Amino acid sequence: MLYFRHLILSIINISIIFSLVYAKEKPVIVFSGADTANLIEPHTFRSTSAYMVTHHVFEPLIRQKMINDNGLLIGSREIHLGTGSESYSINETSDGGFLGVFKIRKNQTFADGRQVTAKDYKYMFDRSIKGPGYIGLLLPFIGISDVNQISLTDEMTLQIKTNVKSPLFERFMTFQVFGALNMVEAKNNSNNEDPWAFEYYKNKSGGSGPYYVSKFSPDSEVVLKPNPGYWNADKIPNGGLILKAIPDSNERARLVSSGLIDVAGGIPPKLLSKLKNDSNVKVYNRPSSGVVYLAMNQTIKVMKNINLRRAIVHAVPYSELINNVMYGYASPAGGVVTSSMETYDNNIGNQFSKDLNKARKYLKDSGINDPKLLLGVRESRLEDQEAAVLIQDSLRKVGISIEIQILPDGDFGNRINKNELPLFIHDWYSWGEDPFYQMMFLSTCGQWVNYARFCNKEYDKLVKEGAFTLDNIKRNSLSSKAQRIFYSEAVWAPLWSADRTIVTNKCVNGLSIGYSSIADMKMMSKKSNCN
Amino acid sequence: MWRYLFKRSIISIFTIIGIIIVVFFIVRILPGDPALVRAGPYASEKKIKEIRVKYGLNDPLLDQFKDYFIKLMHFDLGTSIRTGGKVTDELMERLPASLELAFYGVIFSLILGVPLGILGSAFKDSWIDWFVRVFAVFGSSMTFFWLGLMLTFFLFFKFQWFPGPVGRLSIGRLPPDEITSFFTFDALLQGDFNLLIESFHYLSLPVITIGFVLSAPIIKIVRSAMIDSLESEYVRTAKAVSIPYIQILFSYCFRNALLPITTTVGIVFGYMLGGNIIVELIFSWPGIGRYAYDAIRVNDIEALQGFVIIVGILYVILNVIIDLTYAWIDPRIRLEGITK
């Protein structure tokens with residue numbers, strides 16, 4: 001009997017040693033962009049790479065269902081699945097709002113091992129509304145403005161009550177900025193001057209998502225290690241992520257081709273068109289709802305002339321920009337509601353087209369002879385600078401002189417805020433991809449980011465009504481009317497909708513992209529012996 | 001010597017104070033609003049105002065300077081508006097990377113430049129001299145970015161002889177425990193020879209890029225200083241009394257040529273102290289050059305002025321070291337200091 005026990009123990013020992021020796025460690029996925037994160041505080045405005053870090057660190061209540069689209073997983077706009085919550089329901093209330101009830105998962109912990117509860121989710125909403133970050137500005141859009149609208153029915157059930165019926169409510173619940181934050185840790189690291197621990201979370205993660213931040217070097221490298229307490233940890237096929245800054249896009253392209261990095265972001269379109277022929281990489285591109293636009297600031301005297309604005313709208317070489325600046329990695333934007341967005345009206349969008357005769361006629365009607373205008377572009381955006389040159393050339397043909405000013409990003413932001421640039425190229429992407437949300441921010445009266453300073457009461461009324469309407473037919477009709485006003489008022493020349501593009505090495509799979517347009521790498525795996 | 005050092009130190013302190021004053025006011029002339037950068041595009045005017053108050057951007061300029069100067073006396077260079085971190089910490093974290101790169105870049109340029117300069121002078125007007133002169137012209141007309149890109153394209157991407165431009169070590173590799181913060185020194189001190197080799201491996205391409213370009217002025221100055229010495233009367237006398245040519249070259253001429261060489265090395269090293277932004281960008285080198293570039297781009301004024309002040313202080317220290325080296329090389333200088 002004793003021998004038998006020894007034999008069994010020996011077999012167990014040998015099998016443990018065998019499995020330790022032969023068990024393959026999960027591969028670490030390396031992503032590279034022009035920079036990494038500047039800071040990772042979830043409610044502070046930060047670099048795109050910083051949003052990518054927090055995307056992998058915070059677990060929202062629900063996420064989009066991912067659908068395979070030729071090797072790339074794309075988030076569905078219609079189907080959402082409980083992630084931070086194991087089940088949820090959203091019902092209309094008698095007082096014209098929604099009631100969302102979310103049952104929080106029991107089998108999930110933060111990286112420090114503490115159980116995630118409904119309190120941690122409520123804390124994050126409270127922090128959004130009362131804290132010094134910018135996220136609180138977004139919540140009224142779904143009818144939340146008071147912390148009392150978020151309540152707990154028990155330790156593991158979160159209840160959210162809105163005072164309007166916004167079609168965006170469910171989509172908002174997928175946003176990383178409403179994921180659970182470790183309330184105990186946050187409270188332990190707060191003080192009177194900083195009651196929400198913003199200072200503490202500048203460089204520390206407190207989420208319950210698939211990873212936690214193990215190393216944070218701003219602008220250089222961020223190392224994310226798997227959170228063992230993540231509810232779906234055993235399904236994650238990789239052993240962590242490294243986000244590495246490789247500032248030069250040519251070097252990034254070479255590194256992804258050679259397999260030293262797995263995923264490369266921020267590759268310029270010109271380089272993408274070359275990489276497409278490289279058998280070592282996969283270039284993914286899908287239409288996005290983002291927009292790059294030429295804005296005309298209506299507080300500046302000359303730009304108040306609607307015929308001049310119309311002349312500019314019809315003198316812009318839209319197709320040339322897509323072909324020669326974006327190398328085909330873009331589609332016509334078609335207006336403030338872009339061509340891949342719900343409620344987009346093709347008949348109106350198509351009217352944003354180059355027609356020099358029309359442009360000359362409008363310029364004549366404007367009564368302005370030989371206008372000379374300043375066009376500002378950002379130093380960090382090469383495509384905008386190239387576009388500015390083509391626009392300058394095209395506008396010259398109808399008699400409008402343009403002086404291009406390439407400005408440091410900080411100066412550019414300052415000057416558009418102070419209404420100092422009559423023309424400038426800017427861009428936008430709306431999380432949630434909702435047309436009314438986009439119109440509300442970019443083109444209604446008094447909005448801070450309505451840099452063209454367009455203001456039309458009828459337009460505002462249409463947008464506000466559409467934003468809180470669930471009826472799709474009505475939404476389409478309201479959106480069309482608003483788009484028509486936007487076109488006829490010549491608020492912008494919408495230049496293009498850039499594709500979401502990302503390059504991966506041929507040996508990796510499982511990349512997904514959702515509402516936030518951020519590359520989600522948690523389901524990425526790497527083939528061994530591939531390169 | 002001590003008196004000379006004391007005199008130089010006093011002058012240096014006033015120079016540093018001058019640098020601080022000039023930098024503080026020049027940085028504030030730059031266009032742009034740092035509060036806007038911090039707040040981001042979604043922020044309301046109220047939010048931007050709050051940030052201005054928090055960072056003291058609304059205070060009178062003289063009050064801002066007074067606060068800044070007091071903080072500076074406590075080695076506090078302020079807070080980066082972009083990262084929210086302490087500028088002193090962020091610069092100190094990145095400075096060793098730039099210094100290590102500059103150090104090896106200058107060493108490599110000396111290894112390349114001094115022998116070539118001596119060769120050119122020793123074989124003046126021969127084909128060797130011609131080759132040295134062409135090499136120097138080639139080096140002077142070369143830009144860092146072009147050479148860096150070519151080296152990575154051929155030596156990393158095509159032939160895979162050198163590692164990719166991913167920074168100081170391979171991706172995911174842990175750095176050595178911090179002693180000097182120079183990875184090569186720390187790896188050596190800890191006896192980690194694999195890490196030492198890897199550090200040198202990753203230093204190689206940026207060092208070659210820097211060294212090749214910087215060797216050009218060194219070649220020119222060594223060659224011309226050596227030719228001057230070789231044509232002097234004491235060399236003619238030495239030759240007349242049959243002192244071996246090698247001894248004349250190194251013991252007499254090179255020693256006399258050391259002063260202009262030291263000046264050039266000082267200028268070259270000083271130039272590299274600020275971190276070579278282009279080289280750091282191409283090789284993803286996490287140094288202060290890249291930090292300054294990001295600070296300029298987004299109008300991060302405290303980060304920018306912190307960078308300029310640190311570089312200014314280093315430059316002043318470097319100048320003191322060069323002056324002391326002069327005095328060591330040429331006793332007339334230290335005697336002059338004493339007699340005056």
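**Reading cavities, a pocket and an interface**

User: What volume does the largest cavity have?

Analyst: A cavity is a set of points on a 1 Å grid over the protein atoms alone where a 1.4 Å probe fits but cannot get out, and its lining residues have an atom within 4 Å of a point. The volume is the space filled by probe spheres set on the points, which are joined across faces, edges and corners. Here the largest cavity comes to about 200 Å³. It is lined by 18 residues, and A:His55, A:Arg63, A:Gln64, A:Thr174 and A:Ser516 are the closest to its centre. This is a predicted model, in which local features need pLDDT of at least 70 and side-chain atom pairs count only at pLDDT 80 or more, while totals for chains, interfaces and linings use all residues. Residues are numbered from 1 along each chain as its sequence is written, chains are lettered from A and ligands numbered from 1 in the order in which they are written, and side-chain values use heavy atoms, with hydrogens and water left out.

User: Which elements each supply at least two residues of the lining of the largest cavity?

Analyst: Helices (H or I, at least four residues) and strands (E, at least two) are DSSP runs, numbered from the N terminus. In chain A, the elements that do this are β2 (62–69) and β21 (512–513). The biggest contribution, three residues, is that of β2(A).

User: How do the residues of the lining of the largest cavity divide?

Analyst: Ala, Val, Leu, Ile, Met, Phe, Trp, Tyr, Cys and Pro count as nonpolar, Asp, Glu, Lys and Arg as charged, and the others, Gly among them, as polar. For the largest cavity the lining has eight nonpolar, seven polar and three charged residues.

User: How many cavities of 30 Å³ or more does the structure hold?

Analyst: There are two of them. The second largest cavity has about 50 Å³ of volume, and among the residues lining it are B:Pro163, B:His201, B:Tyr202 and B:Phe283. Its lining counts seven nonpolar and four polar residues, with no charged ones.

User: Which residues lie nearest the centre of the second largest pocket?

Analyst: A pocket is an open set of grid points with protein on both sides within 12 Å along at least five of seven lines. In the second largest pocket the residues nearest the centre are B:Tyr55, B:Thr79, B:Gly84, B:Gly85 and B:Lys86, out of a lining of 32 residues. Two or more of the lining residues come from each of α1 (2–29), α4 (61–73), α5 and α14 (301–329) of chain B. The volume of this second largest pocket is about 790 Å³. Its lining has 16 charged residues, along with eight nonpolar and eight polar.

User: How many residues does the contact take from chain B and from chain A?

Analyst: Contact means heavy atoms within 4.5 Å. Chain B gives 42 residues and chain A gives 42 residues. Buried area is the accessible area (1.4 Å probe) that two parts lose on being put together, summed over both. For chain B and chain A this is about 3,500 Å², with 59% of it on carbon and sulfur atoms.

User: Which side chains meet in a salt bridge?

Analyst: A salt bridge is a side-chain nitrogen of Lys or Arg within 4 Å of a carboxyl oxygen of Asp or Glu. One salt bridge is counted between chain B and chain A. A:Asp219 and B:Arg82 form it, at 2.5 Å from N to O. On the side of chain B that touches chain A, the elements giving two or more residues include α2 (34–39), α3 (45–54) and α7 (144–158) of chain B. The largest share, five residues, is from α7(B). That side of chain B has 19 nonpolar, twelve polar and eleven charged residues.

User: Where is B:Ser284 placed?

Analyst: B:Ser284 sits in the loop between α12 and α13 of chain B. Its phi is near 50°, which is positive in a residue other than glycine. A:Arg453 is not a glycine, yet has a positive phi of about 55°. A:Arg453 is in the loop between α14 (435–443) and α15 (457–467) of chain A.
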